[in-house]
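Here's a quick briefing to read alongside the coordinates.

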Amino acid sequence: MAKIKPKYIIGHWTAGNYEPNYTDMESYDLIITGTGLKIVGNHELDNNKSSTAGMNSITYNISCCGGLDRTPLTKVQCEAFFKAVAEKLKQFNLAVDKFYTHAEIGEMVSNGTITKLLPNNSYLKDNKGKIDLTKLPYELNGKTSGDFIRNKIQWYKEKGGRCRNNLKNVYKNIKF
Ligand SMILES: [Zn+2]
C-alpha cells in the first residue's frame, strides 16, 4: 500500500474505552490512550482505513481513546494529543489551520464549505453529525472546541521551536 502525503490532520475520539481495541487500531494513524500514551495504528499513513469518510487519502488521523460518559477525555491525554498533533504538523510541514476535528468536518459537509478542502465526493456525507472532541476537560471560555484545540496545538508547536532556537543561541555564544 502506497504511503499517503497528508494535507490535513483530523482529530477524533474513539467513543470507547481508554485503551484501543482492534477496530481502533485498524481505523486511525495514531492513538492516544487515557493515560496519554501514543500508539501507532496498524495502517499509519496508508489509505486502507476508515477514519474520515471520503478524506482518508489526504488526512492523518489522531484519535483519543474514550469520549463516552464513562470514559471522558483526561487532561494528561488531551495534552499528549495536542503535542502529538503539533509534532505531526511539523513533520508534514502544515500550519495549525490544517487541523480540524471530525465534528468540524461534519459541520463543513453539512453547510457545504467542505469544498474548500477537497472536491465533493459521495462518501463525505457520512461525516455529518460527528461529535468527536466536542467535550473537553477544560474551561473553553467561549471558544469552540476546535479553536481551543488549535490554540493548544499552536502553543506546543511554538514551544518546540523556541527550545531549538535557544539551543542554537547557546551554541552560537560558545567560543571554541
Ligand atoms: Zn471520528
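What follows covers the sheet, the helices lying across it and the nonpolar core. Keep in mind that this is a predicted model.

- Five strands make up an open sheet with mixed pairing, and their order is 3-2-4-1-5.
- Strand 3 (38-40) and strand 5 sit at the edges, each pairing on one side only.
- On average, neighbouring strands are turned by 25 degrees against each other, ignoring direction.
- Strand 2 and strand 4 run parallel and are joined by three bridges; Ile31 has Ser63 in strand 4 as its bridge partner.

**Helices across the sheet**
- Helix 2 lies across strand 1, strand 2, strand 3, strand 4 and strand 5, and it runs at about 165 degrees to strand 4.
- Helix 3 lies across strand 1 and strand 5, at about 85 degrees to strand 5.
- Buried residues in helix 3 (residues 102-111) are His102, Ala103, Glu104, Ile105, Gly106 and Val109.
- Just after helix 3 comes Gly112, with a positive phi of about 90 degrees.

**The nonpolar core**
- The largest nonpolar core has 31 residues, and those touching the most other members are Ile9, Ile32, Ile62, Phe81, Phe82, Val85 and Ile153.
- Elements that each supply at least two residues of this core include strand 1 (8-13), strand 4 (59-64), helix 3 and helix 4 (145-173).
- Helix 2 gives the most, with seven residues.
- Setting aside neighbours within four places in sequence, Phe82 is in contact with Ile149, Lys152, Ile153 and Tyr156.

How values were computed
Residues numbered from 1 in each chain as written. Predicted model: local features only at pLDDT ≥ 70, side-chain atom pairs only at ≥ 80, totals over all residues. Buried ≥ 20, exposed ≤ 12 C-beta atoms within 10 Å, placed from the backbone. Helix = DSSP H or I, 4+ residues; strand = E, 2+ residues; numbered from the N terminus. Core = buried A, V, L, I, M, F, W, Y, C linked by C-beta atoms within 7 Å. Contact = placed C-beta atoms within 7 Å. Pairing = 2+ DSSP bridges. Axes fitted to C-alpha atoms, helices over the stretch in contact; angles between N-to-C directions.
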